[in-house]
Every structure is written in C-alpha cells, then in structure tokens.
Amino acid sequence: MYLHMKQIVVMVSANLRSLPKRLWISMSMVLSVALVVAVLTGFLAMAKGFETALAGNGSAEIAVILGGGTNQETSSDIPSGVIRSLQATSADLGLQRDETGAVIFSREIVVPVEIQSVADGSLQTLALRGMDLAGITLRENAAVAIGRNFVPGTREIVVGRDLAARAGVFGIGQSVRLGAVDWQVVGHFETGGGAMESEIWGGLEAVQSAFDQMGQVQILRTALAGPNGLETLQSALPALSQTPLAAVTEVQLLSAQSARTSTLIRMFGWPLAILMSIGATVGAINTMMTSVANRSMEIATVRTLGFSRLSAFTGTWVEAVVLSAFGAVLGAAASWLVFNGWQASTVGPNNTTTAFQLEVTISVLRDGALLGIAIGMIGGALPALAATRVKLATALRSAG
C-alpha cells in the first residue's frame, strides 16, 4: 500500500510540474470551465437576489389577510363585512390594538400602471398601491425619506426611492399620469432596499376612485400581538366571514410570491449550464487526451519501471481535476466581481416590474464550483484510463 501511494504521489507531482509545458492547451480547459461556472453563478445570483429583494422586506410580526383562497394580492378580495367585523369585535384576534381598543390595520388595493422610462423610453408596468395611512407604519423600516407623505383622499403619491432614481419621472413636485388621471409626487420613501421600493403608494380612496374600484379592498395588513398571534388570527377568521380568508405573515407571502420567478430563473440557468458543461467536458477530454499523448513516452517508461496502472490513472485524473478547480475558482471570482450587486429587474408579484440586485453568496459560488470540478472529474476519467494502457513499444513508434 505504501509503495502504491508513493507511486501515486510521484506521478501526480510529475504531471503538475509539467503543466507549464502545456500551458495554452491547459488554459483552454481552465477558461471553458470558468465560463460554465460564471454562467451558472450568474443565474443563481439572479434567483437569490430576487428572493432576497422580496423576502428581505418581509416581517414575521406583520400579518396579511387575503380573500378568495389566493396568495396573489391582485386576485384577492376582502368583503366589506370582514372590515366591519374587525372594527367592531372585541374578541381576541391575536392582533395589536390602539389606545382606544381598535384593531390596527391598513386596507389596501394594488393596481398595475404603466410609465415610460426617461432613460431608454421603455414602458414599465408598476404597482400603484392604495392604502390607509397606517400602511406605512405597518411596514418594517418604511419611512418617507424626501418630501412628505400623501394626504388621504387626494391624488398625491409617494414613490420608492429606488424606482424614482431608475425611472427619472418621479421628481418631487412632478405630475405623472397613471391610468387616466394625473398624480402629484410629494415624497420618496425607502424601506432599506428590496422590492417595496419598486412600488408607488397613494391614498386608498383616491386609487379606488381613479380606477373605478370604489369599495374594493384586496388586502388587509395588520400587526400581530405576540408569537402566537398568527395562529389565533387564523382560528378567528372563519367566524368573521363565510368567504374563505387566509392569513400569513408578510415574510411568508413575499417568499411565496418570489418562489415562482426564482424557480423559473433556476430552471433556465441549470439546463443552459449543463449543456455548456457537456461541451466543456468534451473539451476537457480532448485536452487531457493531448496531455497523455504528449507524455506517452514518460508514462510508458515509468510503467516499465514498475509503476502501477493506478498511479498512471491517478496522475492524469488529478491533473484534470486541478485544472477544472482552477477554472472553477476563476469563474467564481469573475462572477463575484461582475455580478454581485449588479442591478436588474424582472416581472415580480402582481405582474409588475420589480428591481433587485444580483446576490453572489457562498451557496451560489459553491454550486458553481462543484459543477466546474465535476467537469474535470468526468472529463479526466477517460484520458486517465487511456494513460493506463500506454505501452513502451507504442510510445517509441510514436516518438520515431
């Protein structure tokens, strides 16, 4: 066993020391692996960034009530009787109450609107959210950063700071046409980043009136009282209305909304990366076959001297794995430098444009690196097997 291990160490060391002699063909394998890793990590970073943008704004202490058995805000409907019951009941609902004993909640409605970007003239579909004034206080870290809040009942809006910076049409004091009416921008709000800063907020009644949806409420947002508040609320909902009602935490809602888009991104990224990895594996086989051919005399000589087939196999296979590992590191480093923090946008919840930043995390880099190393492990196996079958007579004829 000791002799076999010593032979393997000698063969691996000899192969790695001879890499500079095959620099350019070895670099072609490294770069092909790096490209595959960079492409995969780019897609995974996009999916991760989108998830963070949505769920990162969510709070486990805020409950969202939806009607109609859906987790989509635009397809939900809250009967007016539910709102009256919330306002009138003194029963324990697991919700916070104000100093008068009334439940604290915000009635909300989401309407898709289109605006034209100043930067490139493209149309974007955005979410205009009508809400009660309590809606801002019921959002963690949400605050008007510039200007002031909207006045209920007026056609005033506050715009997410990120959206205002990207669109270029939401300056303080500007008038913007949303739907069939003009709205005045009176403030920019921030929520610590994330998807909420891609929204426009206005007074509930004004939004209902402008889009002919008077009396309609799609969402009730409220604050939970204590760690068991959600379970208490879910148990109390059937008594408030015959219409099916669902209550989830804000973070649960946003995570569910992000799941479909992030899954689609991954479903597109993984097959593309696998197809590219097949090409990179074929390239790795060609590279290592050339390496074996160039070293056939050396391999045949040591085999004649008594080196085992295992040492010949391991030396070539480890060389392929090392080259793919270099490629994986190079691709991971490139994706970190290029993709991490890169601004992107896609269709998010309520079929509206959501801006987010790509997020290259350790798990993203790990998945990309594992795929890159797998290319070397698979692509190096066949050439390594060929190295065990090199014979001295054949090598001498090739050299002659």
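Which residue takes a positive phi in the hairpin of β11 and β12?

Modeller: The model is a predicted one. The residue is Asn350, with a positive phi near 65°. Five residues lie between the two strands of this hairpin. On one side is strand β11, residues 343–347, and on the other is strand β12, residues 353–357. The two strands pair in the antiparallel sense, and five bridges join them. One of the residues in these bridges is Gln343, whose partner in β12 is Gln357.

Elsewhere there is a nonpolar patch on the surface, formed by Leu23, Trp24, Met27, Leu31 and Leu330. Together these residues have about 540 Å² of accessible area. Helix α2, which covers residues 23–55, gives the most to the patch, with four residues. Trp24 is placed in helix α2. Trp24 counts as exposed because its relative accessible area is 72%, and the cut-off for exposed is over 50%.

Thr191 belongs to the loop that runs between β7 (181–190) and β8 (199–203). Thr191 has a relative accessible area of 2%, so it is buried; the cut-off for buried is under 20%. Leaving out residues up to four places away in sequence, Thr191 touches Asn57, Glu140, Asn141, Ala142, Met196, Glu197 and Trp201.

To return to the request, the hairpin of β11 and β12 has Asn350 with its positive phi, and its strands pair over five bridges.

Technical notes
Residues numbered from 1 in each chain as written. Predicted model: local features only at pLDDT ≥ 70, side-chain atom pairs only at ≥ 80, totals over all residues. Heavy atoms only, no water. Buried < 20%, exposed > 50% of the residue type's maximum accessible area, 1.4 Å probe, protein only. Contact = heavy atoms within 4.5 Å. Patch = residues over 30% accessible without salt bridge, like charges linked within 9 Å, V, L, I, M, F, W, Y side chains within 5 Å. Areas by Shrake-Rupley, 256 points an atom, 1.4 Å probe, with all protein chains shown as cover. Salt bridge = Lys/Arg side-chain N within 4 Å of Asp/Glu carboxyl O. Pairing = 2+ DSSP bridges.
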